[in-house]
Every structure is written in structure tokens, then in C-alpha cells.
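Work through the exercises below with the structure at hand. Each task is followed by a solution in steps.

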Amino acid sequence: MAACTEIIDDIEDLIQSQDITPKERYANKSNVTVRAKRIRKAIEAKEKDAAVPEKSVLESVIPGTQSIYLKTWGCAHNNSDSEYMAGQLASYGYNITSDKSDADLWLLNSCTVKNPSEDTFRNEIQAANKMGKHVVLAGCVPQAAPKSDYMHGLSIVGVHQIDRVTEVVEETLKGHSVRLLQAKKLNGKRVAGPQLALPKVRKNPLIEIIPINSGCLNACTYCKTKFARADLVSYPVEEIVQRAAHVFTEGVCEIWLTSEDTGTYGRDIGTSLPELLWQLVAVIPDGCMLRLGMTNPPYILEHLEEMAKILAHPKVYSFLHVPIQSGSDSVLSDMKREYCRSDFEQIVDFLNDKVPGITIATDIICGFPTETEEDFEHTMTLCEKYKFPSLFINQFYPRPGTPAAKMQRIPADQVKVRTKRLTDLFYTYEPYVGKYVLGDRQKVLVTEISHDKKHYVGHNKCYEQVLLPMDKNLLGKLVEVEIVGITKFSMLAKVVQEEKDWVRCTTLENGKQALEVDGSVIKIVSKDDKTHSYAVFLFFAFISCGIALICRYFMFSM
């Protein structure tokens with residue numbers, strides 16, 4: 001080190017006055033040809049930058065003059081958040097549009113469960129930037145990793161701050177970057193989220209999604225949602241029941257309860273899920289239904305007796321989503337799932353015995369890093385034993401920051417083989433064959449449009465999908481049907497009741513309003529608007545005919 005000090009005292013001494021200059025150094029390379037590939041990339045990058053239209057920056061925002069495009073990924077909780085954000089923006093005067101190109105700002109509500117959903121989210125941000133659109137990010141991805149490079153400079157509304165979305169949108173349209181990521185607190189204490197009484201624009205006017213709590217009690221090694229939603233915080237029973245009672249007056253006829261884990265509800269506020277459900281059942285009108293969201297096995301075990309009674313209630317769908325994730329106790333331990341296979345089997349066996357025809361859905365992760373072939377065989381035998389009618393099969397995705405992401409991964413080809421084997425098993429059975437026969441009669445509540453836009457979708461007591469012809473408006477009706485066809489995922493049926501015997505479960509068909517179908521979208525239409533539109537049509541038709549007659553008169557006169 002001393003020898004170096006004698007030669008050079010300062011880093012600047014590395015370059016001296018007698019040294020060759022950079023210009024001289026590269027003079028002998030004037031005949032060297034730069035690789036065409038690099039030139040092409042440089043030109044493409046320059047063209048790419050030049051092609052991006054400049055975002056319009058507004059000094060002030062006048063409500064009613066800007067349009068917002070809202071895109072949602074993920075679970076029912078995320079969809080509820082989007083409906084709340086749309087409700088507030090619409091109340092403030094913004095136009096919610098499905099036309100990307102027409103929108104002034106894109107509000108993108110993300111899901112962090114799997115890599116593909118985040119990749120799509122990232123691509124959508126890039127698409128918005130290429131089109132010169134303002135962007136506001138929402139959901140679990142930016143909440144969990146707000147410092148990601150691709151989010152640099154973009155506004156974020158956190159999962160607990162969705163009641164302030166209008167502030168974020170307004171400031172973003174003015175060219176500012178706003179980030180609201182803090183937890184929601186009341187009197188210094190964390191709360192589950194914004195008030196449930198906020199305005200909403202529902203994706204389906206017949207279905208209300210009510211979040212009953214946020215966060216969870218687990219610390220699963222593969223899950224990144226915990227980073228965003230944090231620990232369990234429940235809404236008060238009174239607030240949830242008041243919300244439910246109110247939405248039925250707005251035309252809703254089906255309620256979905258949602259959260260990261262509905263089974264944990266109330267553990268932080270001294271109550272329980274069964275206590276909430278019994279109070280909700282008391283305010284559900286005749287013909288209307290309640291669907292319970294996902295619950296993890298540990299938190300339903302202690303309430304099995306009460307849950308069976310609730311799921312058998314005529315106003316509650318006999319349906320429960322209980323994710324097992326793996327049939328191997330070893331893998332479940334590595335996942336930190338806090339239950340074993342026998343716990344799950346106890347739940348399924350008990351509910352199958354106590355709730356006639358119940359539908360139990362579950363999830364499987366194929367290729368968790370510590371899963372051996374023997375472990376996977378345990379999963380196969382579990383699924384073969386119960387033949388779940390709804391089986392959500394996912395490959396393992398290493399989510400950044402999670403303990404499982406640091407584990408040695410199983411080769412991708414093995415994961416694909418296992419995924420295919422389980423998928424093939426799923427397609428070997430048809431859950432409705434044997435359970436039902438052609439000619440069986442059921443009552444179904446009709447609330448949706450099928451993906452092919454050719455059928456109404458109703459659900460029977462066990463929340464099984466029944467497809468009906470679209471020859472009459474059945475939306476919001478409880479009708480008796482006869483099964484005329486059975487497929488893997490649904491049943492085909494025809495209505496066997498006369499229209500006068502249908503039970504009208506929505507207040508939207510009230511003489512002043514009506515439900516109309518636009519593709520796969522259900523819309524509320526005011527009868528006054530329809531009458532006005534018809535009057536306008538007649539007026540312009542009359543004017544057009546008058547002009548045509550005048551023109552014809554002058555032609556013959558000449």
C-alpha cells in the first residue's frame with residue numbers, strides 16, 4: 001500500500017497532461033464498422049421513445065369531463081375494491097369506460113398471487129405508457145412491492161386507502177405522482193378498510209361482494225398476499241349486517257362474503273363466523289341467497305356443527321371453498337399451512353354427511369419445491385377419493401420475497417407432468433352424472449350471463465351452474481327448471497313454471513327500471529330513458545320524412 005502511495009497521491013493523477021487524449025486513442029478506429037444489430041437497436045429505441053405520445057397535464061380537473069378505464073385482476077376481494085373505487089369516481093363525476101383508447105386515465109387493480117397475473121399487470125402499464133395515458137396502480141402488487149422498477153414515478157392507491165381514490169386520480173391527471181400506502185386507522189387502531197357504506201358501481205347489479213375482514217393469521221411460505229393485506233382485521237358485525245340489509249333495497253339478490261380467509265372472521269374482535277352468518281341470514285329476503293367465500297381448514301374445524309347448519313339453511317348456498325394445496329403432510333408442513341390431510345378429510349366427510357349435496361371446491365399447488373413423487377401421489381389419491389367438482393390446479397410460482405422462492409425448485413418439465421396428470425384425473429369424472437338425471441326438477445336463482453353470451457346462468461341450492469335459454473328475461477328471478485342436459489361443468493335446463501309463478505327477487509324490475517343484457521354485461525336501464533330515447537327516435541324520423549317529402553316536391557316542380 002505504501003509503494004502505491006509513493007507513485008500516486010491522488011486518483012486524479014491517473015490521467016496526466018502528457019497522456020494520450022480520448023480523441024487520439026480512438027482515431028485509429030475510424031474505419032471500424034459498428035455492428036448493424038446495435039445500430040438497429042439504437043434506432044428502434046429512439047423510435048420507441050419518439051412514438052410515445054405526451055400525456056396531457058391538467059391544471060384543474062372538472063368532474064364529468066374525464067374518463068377512467070378500470071381493469072381488475074384476482075379475487076372477489078379485489079373485485080369488491082374495484083367496485084368501490086368505481087363508485088366513488090362515478091359519484092365525483094368521472095365517466096367509467098370500457099374503452100381503453102377513449103380513457104384519460106387507466107386505473108389498474110392488481111393481484112400478487114401468481115407470476116402470470118403480475119406479468120400481465122406490468123404489460124398493461126407499458127401499454128398505457130405507449131398510449132400516453134395517465135396511470136394509477138392499485139391492489140396487492142404495488143402494496144407489497146411499491147419500489148419495483150416498472151412502477152417508478154407512478155401513482156399508487158393502497159389496498160387500505162381505496163376511499164381516497166378520487167384524490168389520487170385528480171392529482172395524477174394534473175401530472176403529479178401520489179402514493180397512499182399506509183394502513184387505515186381509526187383512533188390509532190387498525191381497521192379492516194374503508195367503510196362498507198361507500199358508493200359502488202357493481203360489475204353485476206344483482207350481486208354484492210362484501211369484504212368481512214382483511215388479512216389473515218397464516219404465514220404460508222409461498223404466499224405474497226400477506227405482504228399486502230397484512231394480519232387479520234375484521235369489520236364489526238353490525239356494519240356488515242347493515243350493508244347487507246341496505247344492498248337488498250338496491251336490487252341485489254345475491255351476496256358473496258369475501259376476504260383472504262373468511263374462516264378467521266371475528267377472532268380479533270371477540271366474535272366468530274357462525275355468529276355473523278346467523279345475523280346475516282335474518283336480513284336476507286325470501287328468494288335471495290348468500291354465498292360464503294374461501295376458508296382455510298384450521299379455522300372451520302372448531303365450528304363444523306354450526307357451519308353445517310348454516311350451509312343447510314335455505315337462504316345460504318350449500319357451497320364451500322376449502323383449499324387443501326397438497327395431499328402430503330410433509331409438503332403442508334413446508335408450506336406452513338398449519339393443518340394436516342386428516343383435518344381436511346374430517347371437514348369434507350362431516351359436511352358431506354350433514355349437508356345434502358354440498359359442493360366443496362379446493363385448490364392444489366403442483367410442484368412445490370419440496371414435493372417428491374411420493375408426495376404428489378398423496379395429492380392424486382386425495383383428489384381421486386373425493387372427485388371435487390371444482391378443482392383449481394396451479395403450478396408453483398416463486399413469488400419474490402417469500403421463503404419458498406429461496407428453495408431449490410423442481411425442474412419445470414416435472415412440474416408440467418404432474419400438473420397434466422392431475423388435470424387428466426379431473427377430466428375422468430363428471431360430478432353431475434349420477435347425482436342428477438334428465439328430467440329432474442330444481443329451483444335456481446338466475447343472476448348471470450354465460451361466457452358464450454348464449455345462456456342465462458342460474459345456480460341451484462348447491463351453487464351448481466344451470467344454463468337456461470335467453471328467450472325471456474329471467475334475471476333476478478327464482479324459477480323452477482327441468483334438467484335437459486348434463487355436462488362436465490354445468491347442466492342445461494328449461495323453465496317449467498308459468499311466468500306468473502316466478503319469484504321476483506330483485507327490486508330493479510319495478511316499472512321504473514329494468515335489466516337489460518349487452519353482450520355478457522347486465523345493465524340497469526331507466527324506463528324513462530327508454531321512453532325518451534323512443535320519443536327522440538320518432539322526432540328525428542318525422543323530421544327526416546318531412547325533408548324527404550319537401551325534396552321530392554321540389555324535384556317534381558322543376
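**Exercise 1. Find how strand β1 and β2 pair, and over how many bridges.**

Step 1. In this predicted model, strand β1 covers residues 67-72.
Step 2. β1 and β2 run in the parallel sense and are joined over three bridges.
Step 3. To locate the pairing, take S67, which stands opposite N95 in β2.

**Exercise 2. Give the strand order of the open sheet of six strands, and say which strands stand at the edges.**

Step 1. The order is β2-β1-β3-β4-β5-β6, and the pairing is parallel.
Step 2. β2 (95-97) and β6 (179-180) each have a single partner strand, so they stand at the edges and one side of each lacks a neighbour in the sheet.

**Exercise 3. State which strands helix α5 and helix α7 lie across.**

Step 1. Helix α5 (residues 115-130) lies across β1, β3 (105-110) and β4 (134-139). The angle of α5 to β3 is about 175 degrees.
Step 2. Helix α7 (residues 165-173) lies across β1, β3, β4, β5 (155-157) and β6. The angle of α7 to β4 is about 155 degrees.

**Exercise 4. Describe how helix α11 and helix α13 pack.**

Step 1. Two packed helices are described by an angle and a distance, both taken between their axes.
Step 2. For α11 (residues 304-311) and α13 (residues 341-354), the angle is about 40 degrees and the axes are 10 Å apart.
Step 3. This angle makes α11 oblique to α13, because angles under 35 degrees would count as roughly parallel.
Step 4. The crossing of α11 past α13 is right-handed. On the α11 side the contact involves L304, E305, A308 and L311, and on the α13 side Q346, I347, F350, L351 and K354.

**Exercise 5. Say where E338 and K387 are found, and whether each is buried, partly exposed or exposed.**

Step 1. Most residues other than glycine have a negative phi. E338 is not a glycine, yet its phi is positive, about 65 degrees. K387, also not a glycine, has a positive phi of about 45 degrees.
Step 2. E338 lies in the loop between α12 (329-335) and α13, and K387 in the loop between α14 (373-386) and β16 (390-395).
Step 3. E338 has a relative accessible area of 53% and is exposed, since exposed means over 50%.
Step 4. K387 has 41% relative accessibility and counts as partly exposed.

**Exercise 6. Give the helix and strand counts of the protein, and the share of its residues that are buried.**

Step 1. The protein has 16 helices and 24 strands.
Step 2. Of its 558 residues, 47% are buried.

Technical notes. Residues are numbered from 1 along each chain as its sequence is written. This is a predicted model: local features need pLDDT of at least 70, side-chain atom pairs count only at pLDDT 80 or more; totals for chains, interfaces and linings use all residues. Side-chain values use heavy atoms; hydrogens and water are left out. Helices (H or I, at least four residues) and strands (E, at least two) are DSSP runs, numbered from the N terminus. Buried means under 20% relative accessible area, exposed over 50%, partly exposed in between (1.4 Å probe, protein chains only). Two strands pair if DSSP finds at least two bridges between them. Contact means heavy atoms within 4.5 Å. Axes are lines fitted to C-alpha atoms, for helices over the stretch in contact, and angles run from 0 to 180 degrees between N-to-C directions. Angles under 35 degrees count as roughly parallel, over 145 as roughly antiparallel, 65 to 115 as roughly perpendicular and the rest as oblique. A crossing is left-handed if the near helix is turned anticlockwise from the far one by less than a right angle, and right-handed if clockwise.
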